[in-house]
Amino acid sequence: MTTAAIYVRVSTPGQAEDGFGASEGETNPHYQLRECQELAAHFGLTVPPDYVVTEQASGAYIERDGLDRVRGLIREKRIEALVMWKTDRIARDEDLVGQLLVLNEAKRAGVVVYTSTTGGPVDTTMQGNLVNVINAYVAASEKDAFRLRSMSGKRGKARNENVLPIGTGKGIFGYDYVRRVKRNKQTGDAGSQPARVINEAEAQIVRRMFGMALEGLGVNTIARMLNADGARGKTGA
């Protein structure tokens, strides 16, 4: 019996990291989990319920509660396999060092890493790592190109229509978005242009976050403190 863990990460609920180039795998933890479970079943891996680790966190920082737990299982040799949707669940594609760090930890502990996108074990030989680096570089370059095109379009909209676009997801935390009201020809109502107005309740949290950052606190520490205080984002998470 080969004992395995499953690691699932999404950046924000229902939204891909940075909100660019979203795919179902990036935005849907249930999709990732289903893919991983099917892969584990295909290779005859046994995954205890408490070895399924799901977290909502940015891939910009490798120090994360869920990933730390998985790395602990690797170090303590409690698992022989680790299943993920993609290696970028460890860290963003542009953070090749973070990805290779965890992959090498697994290799040293004798843990085989499986990903749904490869359909099997990840090649962690020297040649395999080279291929992984090239693939990650290509993926990161594609994301950057998409980001630049998207931001160019948003800047054009801001210049031409004198309003910030709503962007993706639920909007910008700290602001409410008031949609455009079209002119009513029958009543003569001139309508209104779209605009952002400050949401004072959220703005208080934003000011607090910036103050904590100026005090030298890290992003993860700030997030933990806000979660402990019951602060909620646009999605309620």
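The chain has seven helices and eight strands, taken as DSSP runs numbered from the N terminus (helices: H or I, at least four residues; strands: E, at least two). This is a predicted model, where local features need pLDDT of at least 70, side-chain atom pairs count only at pLDDT 80 or more, and totals for chains, interfaces and linings use all residues. Residues are numbered from 1 along each chain as its sequence is written, and side-chain values use heavy atoms, with hydrogens and water left out.

**Confidence**
- Mean pLDDT (the predictor's confidence in each residue, from 0 to 100) is 83 for the chain, with 86% of residues at 70 or more.
- Strand S2 (residues 45-46) has the highest mean among the elements, 97, while helix H1 (residues 24-27) has the lowest, 64.
- Watch residues 14-22: pLDDT is below 50 there, though the stretch still has 24 contacts in the model beyond near neighbours in sequence; a contact means heavy atoms within 4.5 Å.

**Overall packing**
- Take the contacts with a separation of 6 or more: 64% of them are between residues 24 or more positions apart.

**Around strand S4**
- S4 (residues 81-84) is parallel to strand S1 (residues 2-10), with four bridges joining them, and Ile 6 has Val 83 as its bridge partner in S4.
- S4 also pairs with S5 (residues 112-115), again parallel and over four bridges; pairing takes at least two DSSP bridges between the strands.
- Opposite Leu 82 you'll find Val 113 of S5.
- Both faces of S4 are covered, with Ala 81 and Val 83 buried on one side and Leu 82 and Met 84 buried on the other.

**Gln 32**
- Gln 32 sits in helix H2 (residues 29-42) and counts as buried because its relative accessibility is 0%.
- A polar atom of the Gln 32 side chain lies 2.9 Å from the backbone oxygen of Arg 9.

**Second largest pocket**
- The volume of the second largest pocket is about 240 Å³, meaning the space filled by probe spheres set on grid points joined across faces, edges and corners.
- A pocket is an open set of points on a 1 Å grid over the protein atoms alone, where a 1.4 Å probe fits, with protein on both sides within 12 Å along at least five of seven lines; lining residues have an atom within 4 Å of a point.
- Its lining has 14 residues, and Lys 86, Thr 87, Thr 117, Asn 132 and Asn 135 are the closest to the centre.
- Helix H5 (residues 126-161) gives the largest share of that lining, four residues.

Methods
Buried means under 20% relative accessible area, exposed over 50%, partly exposed in between (1.4 Å probe, protein chains only). A polar contact is a pair of N or O atoms within 3.5 Å; within protein, one must be able to donate a hydrogen and the other to accept it, and residues adjacent in sequence count only if both atoms are side-chain atoms.
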